[in-house]
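Here are my notes on this one, written for someone opening it for the first time. Have the viewer ready and follow the points in order.

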Amino acid sequence: MKRDQLKQKSAAWESETEAGLKKRPERKEEFQSLSGLDIKRLYTPTDLPDFDYEKNLGFPGEYPFTRGVQSTMYRGRFWTMRQFSGFGSAEETNQRYKYLLANGQTGLSVAFHFPTLKGVNSDHQLARGEVGKCGVAIDSLRDMEILFDGIPLDKVTTSMTVNHPAPALLAMYLTVAEKQGVSWDKVGGTIQNDPLKEFFAQKSYIWPPRESVKLLVDTMEFCAKNVPQWHPVSISGYHIREAGSTAQQELAFTLADGIAYVEAAIERGMDVDSFAPHLSFFFDAHMDFFEEIAKFRAARRLWAKIMKERFGAKNPKSMWLRFHTQTAGCSLTAQQPLNNIVRTGYEALSAVLGGTQSLHTNSFDEAEALPTEEAVTVALRTQQILANETGVANTIDPLAGSYHVEALTDAMEQAAVEYIQKIDDLGGMVAAVDAGYPQSEIMRASMEYQKSVETGEEVIVGVNKYIAEKESPIPLLKVDDEVERRQIERIEDTKLNRDNAKVDACLDRIRDTARSGDNLMEPILEAVREYALLGEICQSIVAVYGAYEDPAVF
Amino acid sequence: MKKYRVLIAKPGLDGHDRGAKVIAKFLQESGFEVVYTGLHQTPEQIVTSALQEAVDAVGISVLSGSHNYVFTEVVELMKAKGIGEIPVFGGGTIPEDDIPPLMEKGVKALFRPGTPLDEILAKIKEIIG
Amino acid sequence: MDYAQEALNGSVLAGARLIRLLEEGDPAGIEGLKKIYPHAGQAFMIGITGPPGAGKSTLVDRIITEFRGRGKKVGVIAIDPSSPFSGGAILGDRVRMQRHATDEGVFVRSMATRGHLGGLSRATFQAALVLDAMGYDIVLVETVGVGQDEVEIVDLAHTTAVVSLPGMGDDIQAMKAGILEIGDIFIVNKADRVGSDDVVRQLQVMLEMRDYSATNWTPPVLKTIASKSEGIIELVDAFLEHRDHLVSTGILDTRVEERELHFFKELVKEMAYEKINTAAGGAKKYAMLTEALKKRETDPYSAAETLMEHLKVDM
């Protein structure tokens with residue numbers, strides 16, 4: 001059938017259907033995706049007027065990588081099942097890691113408690129009540145040694161979710177490897193180390209935007225030379241989404257952060273193809289199934305274009321957008337918590353159909369606490385069922401060619417391009433952060449979403465519809481307040497059992513290096529080896545860089 | 001008519017301010033004057049701010065697991081500073097089991113995730129009296 | 001609790017509550033104000049105004065630190081706009097100043113404009129008076145200046161600082177009309193940004209065209225980087241220098257007198273209206289006269305006289 005003919009036929013079908021709506025109205029006047037994209041009644045080839053297979057999709061492992069970055073994808077091997085975990089003391093978390101590895105998990109992912117994320121010690125005034133609560137407490141190399149005790153660092157890959165203090169935590173990890181006799185070229189993993197989103201998403205910042213990007217480039221430079229298998233940054237949309245953004249904003253702000261980092265590294269004099277293959281990404285998988293799949297596919301295609309066209313990358317690997325996915329924490333409900341297993345299952349499916357490289361599935365009890373062992377096992381099993389029983393991993397990018405999914409992918413890419421243009425006009429992401437742009441965009445989006453939940457326009461089962469009269473409580477993990485006391489004791493003990501003069505000298509060197517603008521990784525490594533505390537290291541940097549304060553943009 | 005004045009605060013090191021900001025914005029849209037302290041507050045900072053600002057209620061958002069410490073400390077400090085009668089409310093990730101003991105200590109309302117904004121508004125007005 | 005007496009005795013709680021009463025227009029507040037009035041008049045009132053995003057709150061935060069370092073107690077009134085739709089407000093200036101929250105020598109009070117667009121409500125004047133009487137040596141009033149409406153800040157402040165920032169471009173031109181008049185000190189904040197020297201030069205050029213013979217004070221233009229605490233010492237020195245100038249020339253006394261007089265007149269007007277509304281048949285008479293005026297049955301002079309007669313007020 002010719003295109004014109006088809007167009008006429010579609011129009012005729014639409015008007016006929018419209019006419020019938022008087023008798024049988026549809027559920028809603030308008031249908032929209034979770035992020036506000038208009039969703040049509042039906043998609044046909046007429047929705048893809050410029051569709052060109054080679055240009056839009058290409059083949060897996062080939063530019064523009066819409067269908068996936070590897071040529072065999074999950075037929076080669078499944079995605080890495082990587083459950084983010086950490087709680088209480090290093091000892092407790094070490095046991096949980098060993099449990100997860102014994103149950104078929106294939107990579108580790110460290111969740112640090114808030115004091116570590118903010119670069120302060122467990123005995124800091126603001127840490128009261130938070131020690132070990134939302135992650136594991138790491139104050140010095142000593143805790144890191146315990147955390148990976150009995151886990152050979154050349155046999156596992158580890159992901160560490162920490163941002164502004166990332167250089168210090170990376171230094172601790174590398175020092176543990178040294179002590180295990182594992183050479184750095186055999187150490188693999190990822191550190192999140194994505195400083196810009198901290199200013200508008202997770203808000204675990206320490207120093208100001210420009211300085212934070214400088215420090216990121218230090219780690220990129222260091223890893224490129226010394227730890228070739230390490231991914232020194234995971235450019236993260238997850239927290240942006242969880243802070244209330246739309247899917248389009250998540251995609252756009254993440255890539256705009258990535259652009260800022262690439263520019264900074266090039267400015268340092270690094271060749272784009274020397275570091276770009278080590279960039280990795282991290283996205284959220286929210287509830288709107290097709291929109292999420294479109295987001296992942298658009299991300300791969302748009303990043304490939306940016307790297308090739310904007311930065312002139314030559315190596316195809318520089319154009320790869322490889323990503324980790326976590327199912328949406330903010331989609332979990334405290335009400336009827338078992339429903340969360342179902343939500344997580346669908347979200348995980350969207351991530352797999354979107355071609356993720358690794359996946360974390362949330363546990364059903366996480367709206368209220370860190371997961372129990374039972375809950376985290378169900379979450380891991382959810383992925384294992386997806387991989388082994390459903391057959392969705394048997395072919396590559398199975399939704400390609402769906403009129404709906406391709407149209408959504410285009411729409412998602414277009415929206416992101418517009419946002420990135422706006423950020424470029426503001427002078428790039430650092431300037432946009434200074435101007436409060438992403439902050440106010442996210443505030444607006446989260447307010448709109450909240451209102452649509454209030455009106456019932458957005459249904460959340462068990463919360464604003466199908467509410468249970470009576471709910472049966474589930475057991476929750478409790479972190480003992482004793483952890484805080486013991487952690488503070490350990491800090492005191494560490495201070496007594498180290499060479500404090502050496503530590504002071506190391507901290508002086510950190511300050512001097514920060515002032516000179518040289519790479520800070522070596523001085524930080526030195527300080528870590530002498531058991532300098534995380535807070536001491538970060539405060540030495542703050543002494544030069546200054547501390548960032550959130551402007552509270554509404 | 002008297003304006004409602006409410007303090008909204010984020011204690012500790014946790015930076016998850018989506019809830020605090022949505023509530024602040026919603027209260028503003030409902031005609032409240034909202035004094036926002038921003039992130040990373042100690043209980044002392046929260047209480048002296050409430051004191052200086054002469055607010056009608058103090059709202060605290062905690063997603064860090066430190067709710068037992070924070071709410072207890074704030075309520076105690078407010079009593080010590082002579083503003084024990086100002087109602088304290090809060091929200092975040094607070095397991096249901098932890099709510100009754102905190103209410104016994106003097107917290108006037110704790111909202112679980114998913115509580116409708118209108119319900120929160122009505123409750124805040126009720127505890128202000 | 002006698003808030004006025006307690007506030008004079010140093011109770012922050014009482015002072016805060018007295019300000020709240022005044023803000024709500026509670027008559028008890030006015031009673032308190034009368035009581036504390038004799039104790040006021042000591043504080044140095046500084047106004048800080050400028051457009052949104054100029055970094056005023058951070059600047060105020062650093063100014064507090066500097067004055068504290070010099071042993072002064074500091075009160076702050078930070079004003080944010082009320083929403084014209086809901087009447088509510090988010091008062092977020094405190095965010096920048098929370099490091100001082102537990103310092104007993106610092107009192108920060110956030111206030112909404114409540115319809116007084118850009119300007120100051122009477123409650124702001126009253127709150128400043130309370131802080132003054134409570135013994136705060138310095139009272140800083142931070143307002144958002146957007147062009148024309150911030151003029152009232154000079155009615156309150158002894159010294160008014162106008163904050164601008166690089167990259168404002170044409171805005172400097174636009175703001176010159178209202179704002180050049182009121183600034184005793186001009187601040188170019190975020191001076192580490194590109195274009196700061198241009199703003200300084202533009203301001204200087206515009207200021208040079210003005211005549212300062214009446215006050216004998218040529219406003220300085222100072223550069224600050226509040227986020228890095230740079231230029232703050234010089235700024236505080238400039239505040240004090242201006243204050244000394246106002247004292248030595250007698251301008252301060254004149255300004256204070258003018259302000260009191262202005263207040264007095266305002267109050268008299270208000271009370272006269274109040275009386276019309278409360279006197280027997282007053283409101284009715286007022287309405288009748290209004291109607292008569294509309295129909296041109298009388299003239300404004302006769303109407304006013306008739307009303308005064310009715311109220312038994314001798315003209």
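This is a predicted model: local features need pLDDT of at least 70, side-chain atom pairs count only at pLDDT 80 or more; totals for chains, interfaces and linings use all residues.

1. Start with helix H20 of chain A, residues 534–545: its 12 residues reach 16 Å from first C-alpha to last, close to the 16 Å expected at 1.5 Å a residue. That expected span is 1.5 Å times one less than the number of residues. Helices here are DSSP runs of H or I with at least four residues, strands are E runs of at least two, and both are numbered from the N terminus.

2. Residues are numbered from 1 along each chain as its sequence is written, while chains are lettered from A and ligands numbered from 1 in the order in which they are written.

3. Which residues of H20(A) are buried? They are A:Leu534, A:Gly535, A:Glu536, A:Ile537, A:Cys538, A:Ser540, A:Ile541 and A:Tyr545. Buried means 20 or more other C-beta atoms within 10 Å of the residue's own, exposed means 12 or fewer, and partly exposed is in between, with C-beta atoms placed from the backbone. The cover over these residues includes helices H4 (114–117), H6 (166–180), H7 (209–226), H18 (500–516) and H19 (521–529) of chain A.

4. Take H18(A) from that cover: its axis runs 9 Å from that of H20(A), at an angle of about 35°. (Axes are lines fitted to C-alpha atoms, for helices over the stretch in contact, and angles run from 0 to 180 degrees between N-to-C directions.) On the H18(A) side, the contact uses A:Leu507, A:Ile510, A:Arg511, A:Ala514 and A:Arg515. H20(A) brings residues including A:Ile537, A:Ile541 and A:Val544. Contact means C-beta atoms, placed from the backbone, within 7 Å. By class, eight residues are nonpolar, one is polar and three are charged. Ala, Val, Leu, Ile, Met, Phe, Trp, Tyr, Cys and Pro count as nonpolar, Asp, Glu, Lys and Arg as charged, and the others, Gly among them, as polar.

5. Some backbone spots to check. Most residues other than glycine have a negative phi, and most peptide bonds are trans. A:Tyr63 and A:Pro64 are joined by a cis peptide bond, with omega about 0°; A:Pro64 sits in the loop between helix H2 (53–57) and strand E1 (80–81) of chain A. A:Tyr466 has a positive phi near 55° and lies in the loop between H16 (437–454) and H17 (482–496) of chain A. A:Tyr466 counts as exposed because it has 12 C-beta neighbours inside 10 Å.

6. Now the partners. How many residues of chain B are in contact with chain A? The count is 29, against 35 residues of chain A. H1(B) gives the most to that side of chain B, with four residues. The side of chain B divides into 10 nonpolar, 11 polar and eight charged residues. For chain C, six residues are in contact with four of chain A.

7. Finally, chain C itself has 12 helices and eight strands, and 42% of its 315 residues count as buried. Its domain assignment, automatic or from a database, gives domain 1 (1–37), domain 2 (40–249) and domain 3 (260–310). The centres of domains 1 and 3 of chain C, taken over C-alpha atoms, are 32 Å apart.

Terms used
Two residues are in contact if their C-beta atoms, placed from the backbone, lie within 7 Å.
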